[in-house]
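I opened my notebook for a friendly first look around. Come along and check each entry against the picture.

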Amino acid sequence: MRTKARGLGLRTAVVLTALASLAGLTGCVTVHGEEAVVPATTAGEAAEALEHFAETNNEANRALDAELNAAIETGPLGTVDQAGLRARRTVHPQGNPSHRPLELTDARFLIPRQAGWPKFFVADTAASQSPGKRWLLVFTRGGVEETWKASYLSVLTPAAMPRFARDADGYAEAVPADETAGLALAPRDLSAAYADHLREGGGPFAEGPLTSALREERKKAAAGPGARTQWADLPAEDPRYAPVGLRTEDGGALVFFTTHHQMKQTVPQGYRPQVEDPYVKALLEGTPRQSVTYVRLALQTAAVPAADAADPQVRLLYRLQRLTGAKGE
């Protein structure tokens with residue numbers, strides 16, 4: 001399938017057959033004296049990175065090869081996808097011969113000007129597995145000697161897709177992670193704020209399925225019969241999981257960020273927890289005698305309004321949460 005890649009007034013034809021994933025690091029960190037503010041990449045190089053990502057990711061998913069995936073994914077997306085591949089490979093050591101290749105089409109690129117490293121860009125593409133929606137893939141690299149890797153993925157409907165700010169030359173604007181930069185909340189504060197919201201409620205988040213409704217689901221699960229269920233929500237502080245932000249035309253920003261989540265289920269005395277899912281078993285450490293703790297990582301996409309916006313609430317547009325480990329006790 002032929003894919004049209006559009007960015008910064010350039011048109012590049014690219015052939016894509018792929019599977020997707022994503023993440024990135026933001027902030028202007030100057031190394032080796034590189035202080036010039038320059039485009040993170042070119043439209044042509046971005047198209048090549050997307051093509052390489054798609055082809056290699058399909059190969060990794062056919063073979064269930066976490067090592068191969070690590071060559072093209074990093075950050076939170078790499079963490080969740082590689083854990084999933086390891087689990088699936090344990091259950092299906094022969095690989096996945098029925099894997100259906102993902103085709104990415106109509107690729108557009110959001111490329112910011114940045115100083116120093118790391119740098120990132122965002123690929124906005126249609127995907128065969130999500131008809132009628134757009135995939136936003138964040139690509140990052142930490143230096144000229146490194147290759148572009150995907151670290152965040154977001155799947156949005158056209159109605160949810162914001163209009164991104166661009167300068168006179170068509171370049172996007174990166175929002176520094178550690179600065180408020182005219183926003184209602186700095187990107188670096190989103191992870192802790194969201195973890196606090198899931199634990200205690202309140203905070204800057206608008207009501208919705210990924211905020212207030214998720215808290216209600218947890219309350220019902222905790223009040224149900226059988227095993228006692230407890231949650232622990234923690235911010236992501238590892239630099240590998242740093243947030244990425246792009247300015248939108250309304251003065252706000254679209255921000256990709258990460259959080260950690262644990263769910264512990266404890267059964268009454270005299271019973272043993274049952275772990276039936278073979279993929280959970282593949283990641284399980286220890287012996288479940290009284291409890292099982294499920295460890296998950298979540299990637300979120302948030303629309304953060306400008307500080308002076310009439311509605312200052314942060315809206316969560318997308319969330320991808322996956323199991324990365326489990327522990328029996």
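Before anything else, I note how I name elements: helices (H or I, at least four residues) and strands (E, at least two) are DSSP runs, numbered from the N terminus. I also remind myself that this is a predicted model.

**Entry 1: helix H1**

I started with helix H1, which covers residues 43-63. How far apart should its ends be? At 1.5 Å a residue, the 21 residues of H1 should span 30 Å, and I found the end C-alpha atoms 30 Å apart, so the two agree. Next I looked up which H1 residues are buried; among them are Ala 43, Leu 50, Phe 53, Thr 56 and Asn 61.

**Entry 2: strands S7 and S8**

I moved on to strand S7 (residues 134-141), which pairs with S8 in the antiparallel sense over six bridges. Is S8 (residues 149-156) mostly covered or mostly uncovered? It is mostly covered, with seven of its eight residues buried.

**Entry 3: aromatic rings**

I looked up the aromatic pairs and found seven in the structure. In one of them, Phe 121 and Phe 139 are stacked, with 5.1 Å from centre to centre and 5° between the planes. Phe 121 sits in strand S6 (residues 119-127) and Phe 139 in strand S7, so this pair ties together parts that are 18 residues apart in sequence. Phe 121 and Phe 139 are both buried.

Then I turned to Tyr 194 and Phe 257. Their ring centres are 6.0 Å apart and their planes stand at 85°; over 60 degrees counts as edge-to-face, so that is what this pair is. Tyr 194 belongs to helix H4 (residues 187-200) and Phe 257 to strand S11 (residues 253-266), so I noted a link between distant parts of the chain, 63 residues apart. Tyr 194 and Phe 257 are buried too.

I also traced a cluster: ring pairs link Phe 53, Phe 109, Phe 121, Phe 139 and Trp 148. Elsewhere I spotted Lys 119 over the face of Trp 117, 5.0 Å from the ring centre.

**Entry 4: Thr 79**

My last stop was Thr 79, in helix H3 (residues 75-91). Which residues does Thr 79 contact, leaving aside its neighbours within four places in sequence? I found Tyr 241, Leu 297 and Thr 324. I also jotted down that Thr 79 and Arg 322 are 243 residues apart in sequence, yet 9.4 Å apart in space, C-alpha to C-alpha.

Note on methods:
Residues numbered from 1 in each chain as written. Predicted model: local features only at pLDDT ≥ 70, side-chain atom pairs only at ≥ 80, totals over all residues. Heavy atoms only, no water. Expected span 1.5 Å × (residues − 1). Buried < 20%, exposed > 50% of the residue type's maximum accessible area, 1.4 Å probe, protein only. Pairing = 2+ DSSP bridges. Phe/Tyr/Trp six-rings, centres within 6.5 Å; stacked < 30°, edge-to-face > 60°. Lys NZ or Arg CZ within 6 Å of the ring centre and 35° of its normal. Contact = heavy atoms within 4.5 Å.
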